[in-house]
Structure formats: structure tokens, C-alpha cells
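Please look over the sequence and the structure below.

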Number of protein chains: 2
Amino acid sequence: NVVALFEGEEESGSDHLEAFLEAHRDRFRCDAVVVSDSGRLDPAVPAITYGLRGLVYLELTVRGPNRDLHSGSFGGAVANPANALARLLASLQDDAGRVAVPGFYDRVRPLEPWEREAFARLPFDEEALRRDLGVDALAGEPGFTPLERLWARPTLDVNGLVAGYTGEGAKTVLPAWARAKVSCRLVPDQDPDEIADLLEGWLARRVPAGCRLEISRLHGARPVLVPTEGPFMAAARQALARGFGAEPAFIREGGSIPVVEAFQRLLGAPVLLLGFGRPDDRAHGPDEQFHLDDLWAGMRTSAWLWPLLGEVGS
Amino acid sequence: NVVALFEGEEESGSDHLEAFLEAHRDRFRCDAVVVSDSGRLDPAVPAITYGLRGLVYLELTVRGPNRDLHSGSFGGAVANPANALARLLASLQDDAGRVAVPGFYDRVRPLEPWEREAFARLPFDEEALRRDLGVDALAGEPGFTPLERLWARPTLDVNGLVAGYTGEGAKTVLPAWARAKVSCRLVPDQDPDEIADLLEGWLARRVPAGCRLEISRLHGARPVLVPTEGPFMAAARQALARGFGAEPAFIREGGSIPVVEAFQRLLGAPVLLLGFGRPDDRAHGPDEQFHLDDLWAGMRTSAWLWPLLGEVGS
């Protein structure tokens with residue numbers, strides 16, 4: 001038996017899926033879950049994704065005076081929310097990108113030796129990525145390779161900033177408020193609520209006199225690891241090997257797919273992340289694409305997958 | 001003889017006035033200059049402004065990857081320009097508002113004892129200002145009163161911030177660039193070009209790998225002090241005393257009036273800053289106002305001023 005679940009909320013956090021799964025648990029009881037929302041690293045190597053990062057997303061608003069002020073008439077005697085916001089954000093992280101908030105790394109599950117070895121063998125071209133992005137260097141936490149940082153280390157990124165005058169030229173305004181969107185990608189076994197609590201506590205203790213800080217939690221997703229062993233996973237490997245004509249690699253992904261963690265936790269079934277895209281498919285871009293080669297290989301994989309899964313289940 | 005000069009560029013920095021004054025220096029030769037672009041602190045006390053702050057205004061743009069990125073796919077391995085901008089801005093100032101850039105205070109002329117005493121005697125209600133602005137505390141550099149900070153100490157204010165996603169809700173973008181408008185109010189004898197050089201050098205040394213910093217200098221004005229003694233100043237005091245029926249106070253102003261420094265330097269004449277406005281006139285606001293009482297008092301003052309100045313000049 002195959003049960004199909006179509007869900008249209010993934011890009012906005014799958015807020016209602018969990019309650020729906022709980023309410024209809026009996027109808028979704030299954031031996032394994034197949035999700036095709038992942039990709040592979042190299043066109044020549046099919047991949048099974050076994051880890052996804054989670055997410056916590058905060059909006060910070062620092063409020064100062066009740067109106068924008070003339071910086072000549074008030075500057076120096078009134079706390080500036082934009083200056084304060086910059087200091088709050090800078091306090092979250094050291095120069096190398098390591099998060100400075102105590103406890104942030106406490107639950108981070110270290111990479112297994114086999115994972116570091118497997119990641120190192122993957123065809124990942126750091127120099128090509130650097131050139132493609134047009135930067136003089138990749139960056140990030142010391143002691144880890146770029147793939148390790150992307151897949152198995154948590155992050156803290158400022159996603160947006162806005163305050164005061166943002167148009168052309170100069171305006172000497174002392175802004176009434178300043179806002180930042182800040183998110184952390186989380187890794188197993190970090191908990192989004194616990195991390196949000198840690199960040200909020202840290203920031204609240206640092207708000208300067210003359211300013212107030214408001215924090216909204218906009219989004220959260222738990223990180224997830226799925227077992228790389230077991231008969232269903234073996235069937236998936238075999239299907240990919242036949243469909244693509246090459247042995248699949250086990251990879252992780254830096255993004256989040258909240259449904260995966262919910263399926264695993266609520267249905268207690270192994271989740272097989274069999275995606276067929278490539279890193280340069282420009283996912284979410286206005287010119288998103290999917291190679292016809294991948295369409296055929298994906299169809300061949302699926303044609304193998306269901307009978308192979310059926311053999312395990314029977 | 002009275003020579004009138006009408007200038008319409010004051011609010012955008014008086015960029016052309018200096019060259020005009022130099023080209024027509026003979027036509028503007030004079031014994032004293034009268035400018036009415038200042039105000040007073042208290043309705044009951046007329047005032048002569050003898051000091052103005054200068055200005056240096058920079059636009060900082062931190063550039064990272066050549067396009068906005070998905071923070072899940074790239075976060076942790078690519079330097080984030082918004083994070084970098086926050087750290088650069090935070091590096092400029094300590095928590096108490098003192099500028100951290102070495103050399104910034106080197107040329108700051110200390111307040112004279114008579115000035116600190118005179119400021120302390122002025123009717124300035126710190127608590128009323130705090131309430132009016134709706135903040136829990138005024139703020140700023142330790143060791144100085146609010147009036148001293150506003151009139152005689154330099155500042156560093158972030159006037160604007162923009163980066164990445166600034167709309168409603170969450171978007172997990174790693175922005176390609178981040179921008180800040182930053183300005184310093186300067187006091188005698190700081191030089192705008194020298195301060196801009198100091199700030200640019202400090203920031204340039206702190207740009208993290210994976211990012212580039214672009215800086216534009218948008219605006220500059222020299223700070224100025226005019227002598228509080230001399231026969232023309234005595235005439236001005238007398239005219240104000242008669243016009244308002246009260247002895248005028250010597251005050252400074254936190255804003256900038258670039259023409260004042262240019263008149264003083266290029267014409268070599270004392271500048272009399274006789275303004276009749278009040279602090280709550282909402283200058284530059286959509287509901288800017290001027291009290292009729294002040295109109296009459298200003299007319300009486302002017303009626304006394306010209307004959308009194310004429311007596312000195314003859």
C-alpha cells in the first residue's frame with residue numbers, strides 16, 4: 001500500500017502538518033516514508049540525505065526615543081537604537097563566526113569519524129564555489145571544512161537590517177527604532193526553543209539604558225538525522241544505484257525540511273530522502289531548473305524503488 | 001552699509017558658498033556678520049550662540065557574495081555582510097558611547113571652566129526632555145552633563161541601516177550586501193577630513209575575509225566657535241536685552257551651520273548668531289512653527305541692533 005500526502009506549507013514552515021499528522025495518525029501508519037525534496041552534490045553521484053539542519057528565526061526591534069530626532073540637536077545625549085542594535089548583534093558572535101552565547105553548542109552532536117571521512121571524499125570544489133560567489137575567501141568557524149560547516153555546524157546569520165534613513169545621500173536622523181532579522185541554522189541535537197531562550201536571555205541582559213528590546217520568534221524547525229542503516233535504506237540505495245548507474249553517497253543538507261522531523265517523530269518510520277536535483281538548479285530562484293537527465297534517472301529510480309521497498313515490507 | 005547674502009543651500013551643506021565668497025570677497029568685506037539661524041533654550045532667556053558642531057558623514061557598504069544566498073545552503077561557510085557590518089559598527093564605540101577610534105579625541109578643545117559653569121546655570125530640564133522623548137534614561141559619554149554632550153562633545157551616530165530582507169515575517173536570506181549611514185558631530189578643533197581618515201583607516205583594518213568595504217564621504221562641515229567678546233558682540237547683547245527685556249545667555253548648538261565657519265574664515269569678521277526660535281518649534285518638522293511673541297521680540301531686537309552696530313563701526 002502507498003499513502004500519498006500532499007503538503008503545500010513547506011516553504012512557510014509546515015505550521016499545520018504536525019497537528020494534522022497527530023489527528024490522523026492511523027491513516028498514515030507506515031513502514032517507511034519517502035520524501036523527494038533534497039538534492040545531490042555532484043551530477044555523477046546520486047545521494048541519500050541523512051541529515052538536515054533546523055532553524056530558529058528571531059526578529060529584534062530596538063526602540064529608543066518616541067520619534068526620529070535631529071542628530072545635531074540630540075546626538076550624544078540620547079541612546080541611538082541603531083548603534084545599540086549593532087552592538088547587540090556583534091555580541092552574538094566572535095570575529096571567526098563562532099557563536100558567543102554560552103550554552104549554544106552544548107547539545108551539538110559531534111561529527112562521527114566516518115562522517116568526516118565521507119564528507120572529505122565527496123567531490124566538493126571549494127575553489128569553484130569561492131569563484132562562483134565572487135568572494136576572496138570562504139569563511140566560517142575554524143576547525144571545520146566548508147562542508148562540515150554547512151551540514152553539521154550551527155550558524156548565526158543576520159538576514160535583514162533596517163533603521164533610520166536608507167535612501168540616497170545623507171540625512172542626519174537619530175532613528176527612533178532599528179530592526180534585525182536573525183536566524184540560526186541548528187544541528188542535532190539542538191532544540192529551537194532552548195536556543196531561542198538562550199539568545200533572548202543574552203540579548204536582554206545587554207540592552208543599554210535608553211533603549212528597549214522587543215523580540216518576536218518567527219519560525220522554528222528541529223534538526224534531524226535519519227538512520228543510514230536498515231532494510232528500507234538498503235532498498236533505497238539499491239534503487240538509486242540502478243536508476244543513476246552509480247553508487248549513492250550519504251550526504252547532509254544545510255537547509256531545513258520540517259516535515260522530515262515530524263514524520264520521524266510522529267510516525268516512528270524511517271524517512272528516505274531521495275532527491276534528484278543538483279546544486280546549480282537555482283532552487284527558489286526566478287530561473288529554477290531541473291535537468292531532463294535527472295528526470296529520467298529519477299523515474300528509473302522510482303520504478304526500482306517501490307518493488308524493492310515492497311520486498312522488504314512483505 | 002548693509003550687505004545682504006541670500007543662500008538656499010544650507011540644508012544640503014552649502015557646497016557652493018565657499019567658492020562664491022572667495023570669488024567675490026571684495027563685495028562681502030564687512031565689520032561683522034549677522035546670521036539668524038539659531039535659537040534659544042528657554043522662552044524667557046534670549047541667547048547668543050557662540051559654538052556650533054561640525055559634521056562628517058560616511059556611507060559604508062559591506063559587500064560579500066555576488067548575489068543573495070539561501071542561508072541554509074550557504075550559511076556558515078560564507079561571510080555574511082550584515083553580520084560583518086554590525087561588528088564594524090560596534091567596533092567604533094564603547095558601550096557608554098565613547099568613540100573607540102584612536103586619535104578621535106586628540107584635537108577636542110576642552111570646555112573652559114566658565115563654560116561648564118554657564119551651562120550648569122542654564123534652565124535645562126533633563127527630566128522633562130527624558131519624558132518628552134519617552135525614554136527610560138538619557139545616555140551618552142560619562143563625565144559630562146547632557147548639555148555638555150550636546151554642545152561640546154563629538155558623537156558617532158548610525159543614521160541608517162539596510163540589508164537583506166526587511167519586510168514582514170521571515171526570509172532566510174544571506175544578503176549580498178549591507179549598508180550603513182554613519183555620521184559624527186564634531187567639535188572645535190576637530191577636522192572633518194582628518195576624522196574621516198581616522199574612521200576609514202580603522203574600519204578598513206577590520207573588514208573580515210570574504211567581504212569588501214566601500215566608503216563614500218557624503219558631507220562635511222567644520223565646527224566653529226565665535227569670540228564672545230568684542231564691541232560688536234557687546235552691541236548684539238544690548239540689542240537682545242532691549243528686544244526681549246532680559247539679559248541674553250551665551251549658548252552653543254549641537255547642529256551645524258556650515259556658512260558660519262566659512263564667513264569667519266574667509267571674511268575674517270565676527271559672526272553674530274542671533275536667532276529667535278525655541279527648542280519646541282519643531283524645526284524641519286511638517287508642523288514647524290514660530291511664536292508671534294518671538295516675531296515681535298525679534299523685530300524689536302533688530303530695530304536696536306543696526307543702530308548699535310553702526311555706532312561701533314563708525
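A salt bridge here is a side-chain nitrogen of Lys or Arg within 4 Å of a carboxyl oxygen of Asp or Glu. By this rule, 48 salt bridges are counted over all chains. The model is a predicted one. Side chains of opposite charge can pair when their charged atoms come close. One such pair is A:Arg153 with A:Glu141, where the closest N and O atoms are 2.7 Å apart. This pair links distant parts of the chain, twelve residues apart. A:Arg153 sits in the loop between helix H6 (146–152) and S5 of chain A, and A:Glu141 in the loop between helix H5 (126–133) and H6 of chain A.

Chain A can next be viewed by its domains. The domain assignment gives chain A a domain 1, made of 14–20 + 30–53 + 242–313, and a domain 2, made of 54–221. To the contact between them, domain 1 of chain A brings 14 residues and domain 2 of chain A brings 21 residues. Between the C-alpha centres of domain 1 and domain 2 of chain A the distance is 30 Å.

How much area is buried between domain 1 of chain A and domain 2 of chain A? The figure is about 1400 Å², with carbon and sulfur atoms giving 60% of it. On the side of domain 1 of chain A, the residues that lose the most area to domain 2 of chain A are A:Leu41, A:Arg53 and A:Arg252, which together make up 55% of what that side buries.

A:Arg252 also takes part in a charged pair: its side chain meets that of A:Glu115 in a salt bridge (2.8 Å, N to O). Across the interface of domain 1 and domain 2 of chain A, the rule finds one salt bridge. The count of residue pairs in polar contact between domain 1 of chain A and domain 2 of chain A is seven, both residues being at pLDDT 80 or more. Strand S2 (47–52) and strand S10 (249–253) of chain A each supply at least two residues of the side of domain 1 that touches domain 2 of chain A. S10(A) gives the most to that side of domain 1 of chain A, with four residues. Sorted by class, the side of domain 1 of chain A that touches domain 2 of chain A holds seven nonpolar, three polar and four charged residues.

The remaining topic is the contact between the chains. Here 75 residues of chain A are in contact with 75 residues of chain B. The area buried between chain A and chain B is about 5500 Å², and carbon and sulfur atoms give 54% of it. A:Arg87, A:Leu133 and A:Leu161 supply 12% of the area that chain A buries against chain B, more than any other three residues.

How many salt bridges are counted between chain A and chain B? The count is four. A salt bridge also joins the side chains of A:Asp132 and B:Arg67 (2.8 Å, N to O). For polar contacts, the rule finds 40 residue pairs across the interface of chain A and chain B, both residues at pLDDT 80 or more. Strand S5 (residues 157–164) of chain A provides the largest share of the side of chain A that touches chain B, eight residues. The residues of that side of chain A divide into 34 nonpolar, 27 polar and 14 charged.

S5(A) also pairs with strand S5 (residues 157–164) of chain B, in the antiparallel sense and over five bridges. Within this pairing, A:Leu161 has B:Ala163 in S5(B) as its bridge partner.

Conventions:
Residues numbered from 1 in each chain as written. Chains lettered and ligands numbered in written order. Predicted model: local features only at pLDDT ≥ 70, side-chain atom pairs only at ≥ 80, totals over all residues. Heavy atoms only, no water. Domains from an automatic or database assignment. Contact = heavy atoms within 4.5 Å. Buried area = accessible area lost by both parts, 1.4 Å probe. Polar contact = N/O pair within 3.5 Å; in protein donor to acceptor, adjacent residues only side chain to side chain. Nonpolar A, V, L, I, M, F, W, Y, C, P; charged D, E, K, R; others polar. Pairing = 2+ DSSP bridges.
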